[in-house]
Amino acid sequence: MSRHSATLDDVARLAGVSLQTVSRVLNSPHKVAARTQDAVHQAMRELRYVPNRSAQLLAGKVLPAIGLISASLTFHAPSQIAASVKKHAQARGLDVVIVMPDKADHPTLQAALTECRAQNIRSVIINLPLESQLAEQLVRENADIHCLFLDIPPESEVTSLLFDHRSGCRAVIDHLWALGHREFGFLAGPESAISARLRLHAWRDALHRNGGHQAITAFGDWSASSGFTRTVEMLAKKPTLSAMVVANDQMALGVLSALAHLHRREISVTGYDDTPDSQYFQPALTTVAQDFDLLGERAVACLTTPGQRHTLLPTRLVVRQSSAPKANPTPRDALIEQIKALAAQL
Ligand code: IPT
């Protein structure tokens, strides 16, 4: 039997639609009903249809691909998000071109969008922390590209898909408060990151709402090593703190390690993200879950079938062993801690 490659005609015949519909599914899926898109993708999978990208590019066609302009994939959350976007795009017959800029300023982002345009991509997910003004400027200057933003202030006037940080942050503080904690260490993400800022403000709000005001703040860079270093510094400054509220699980990993080194395992720790590894931290991490698989699915759906402008996804507190009732120190313990703190300052 001869093994000829399936053509778009074959796909149309199997899906029971016209050739024009197939081409619309590939080039402007938002104009086609979701059921028809599914039938066409199903036929493509069955026939193992492979588009000839070079011919499409030469013909100046918009490719069945989306762009993902992402924060560094060395971080757990953006890499989970990229994996999810890839999975859900693939299920819709779409390729994903990932651009990972080293900066998030206007020229760098404009260059990333120009690169997408050069590859005939007209739908792009942007998972980089951007101020509203910059996001709005990019949308104005690239009207031919449909941009969806994942890390911008909620009030921005552009299409966004964000997690509800307020409920997650409040749940963490209320949980620790109910366990008797009153002296907090807030370990925020980098000051330039929108999500870090939002989380810090929401923790402070929730703390004040409970009538508390005892918190010291430090800023990490999302990495485990910054979690380790900041914890040592924060405890030297305030040895009596009993709970560390951390802006992501990766930094929380470093916090747990520092507390083990300092023999301060009685201090409660909470993270943020609930990446799949977090339940295997020692102790298993209490954290705020952001469902990155759902985020990827909704992001791809939003680009192929545009709907509402601002979507807020829920967050959920996951309680594990790293948060516990505040330990009541014996006077002797308290004295030892004071001596250690003094020694650390020498
Ligand atoms: C955000 C993560 O919560 C955080 O852990 C860090 O990885 C950051 O991304 C990197 O940019 S999630 C983002 C969609 C706000």
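Visitor: What do the buried residues of helix 1 pack against?

Guide: They pack against helix 2 (19–27) and helix 3 (34–47). The model is a predicted one. In helix 1 (residues 8–15), the buried residues are Asp 10, Val 11, Ala 12 and Ala 15. Just after helix 1 comes Gly 16, with a positive phi of about 70°.

Visitor: Into which domains is the protein chain divided?

Guide: There are domain 1 (8–50), domain 2 (65–158) and domain 3 (165–293 + 314–345). Between the C-alpha centres of domain 1 and domain 3 the distance is 50 Å. The C-alpha trace of the protein chain spans about 85 × 45 × 35 Å along its principal axes. The chain has 13 helices and 12 strands.

Visitor: Why is Ser 132 called buried?

Guide: Buried means under 20% relative accessible area. Ser 132 has a relative accessible area of 15%, so Ser 132 is buried. Its place is in helix 7 (residues 132–141). The buried residues of that helix are Ser 132, Leu 134, Ala 135 and Leu 138. What covers them includes helix 6 (106–118) and strand 4 (146–149).

Visitor: What makes the pair Ser 132 and Ser 156 a polar contact?

Guide: A polar contact requires N or O atoms within 3.5 Å, one able to donate a hydrogen and the other to accept it. The side chains of Ser 132 and Ser 156 are joined at 2.7 Å, which is within that limit, so the pair counts as a polar contact. Leaving aside neighbours within four places in sequence, Ser 132 is in contact with Pro 153 and Ser 156.

Visitor: Why is Cys 302 called buried?

Guide: The relative accessible area of Cys 302 is 14%, and the limit is under 20%, so Cys 302 is buried. Cys 302 lies in helix 12 (residues 292–304). Setting aside neighbours within four places in sequence, Cys 302 is in contact with His 146, Leu 148 and Thr 159. Cys 302 and Thr 159 are 143 residues apart along the chain, and their C-alpha atoms are separated by 9.4 Å.

Visitor: Is Thr 286 buried or exposed?

Guide: Thr 286 has 0% relative accessibility, which is under 20%, so Thr 286 counts as buried. Thr 286 lies in the loop between strand 9 (268–270) and strand 10 (287–290). Beyond neighbours within four places in sequence, the residues in contact with Thr 286 include His 175, Val 269, Leu 317 and Arg 320. The C-alpha atoms of Thr 286 and Arg 320 are separated by 4.5 Å, although the two residues are 34 residues apart along the chain.

Visitor: Which residues touch the most other members of the largest nonpolar core?

Guide: They are Met 244 and Val 269, in a core of 38 residues. The elements that give two or more residues to this core include helix 8 (165–178), strand 6 (184–188), helix 9 (194–209) and strand 8 (243–246). Helix 9 gives the largest share, six residues. Another core, of 22 residues, lies apart from it, and among its members are Val 99, Leu 128, Ile 145 and Cys 147.

Visitor: What is Met 244 in contact with?

Guide: Neighbours within four places in sequence aside, Met 244 is in contact with residues including Gly 185, Leu 187, Met 234, Val 255 and Val 269.

Visitor: How many residues surround the ligand?

Guide: The ligand is surrounded by 14 residues, the closest being Pro 78, Arg 199, Asn 248, Asp 273 and Gln 290.

Visitor: Where does a polar side-chain atom of Asp 273 lie?

Guide: It lies 2.5 Å from an oxygen atom of the ligand. For Asn 248, a polar side-chain atom is 3.1 Å from an oxygen atom of the ligand. For Arg 199, an N or O atom in the side chain is 3.0 Å from an oxygen atom of the ligand. Of the 390 Å² of accessible area that the ligand has on its own, the protein covers 96%.

Visitor: What share of the residues in the protein chain is buried?

Guide: Buried residues make up 49% of the 346 residues. The accessible surface of the chain comes to about 16900 Å², and 53% of it belongs to carbon and sulfur atoms.

Methods. Residues are numbered from 1 along each chain as its sequence is written. This is a predicted model: local features need pLDDT of at least 70, side-chain atom pairs count only at pLDDT 80 or more; totals for chains, interfaces and linings use all residues. Side-chain values use heavy atoms; hydrogens and water are left out. Domain bounds come from an automatic or database domain assignment. A nonpolar core is a set of buried Ala, Val, Leu, Ile, Met, Phe, Trp, Tyr and Cys residues joined through side-chain atoms within 4.5 Å. Buried means under 20% relative accessible area, exposed over 50%, partly exposed in between (1.4 Å probe, protein chains only). Helices (H or I, at least four residues) and strands (E, at least two) are DSSP runs, numbered from the N terminus. Contact means heavy atoms within 4.5 Å. A residue is near a molecule or strand if one of its heavy atoms lies within 4 Å of it. Accessible areas come from the Shrake-Rupley method with a 1.4 Å probe; for residues, only the protein chains shown count as cover.
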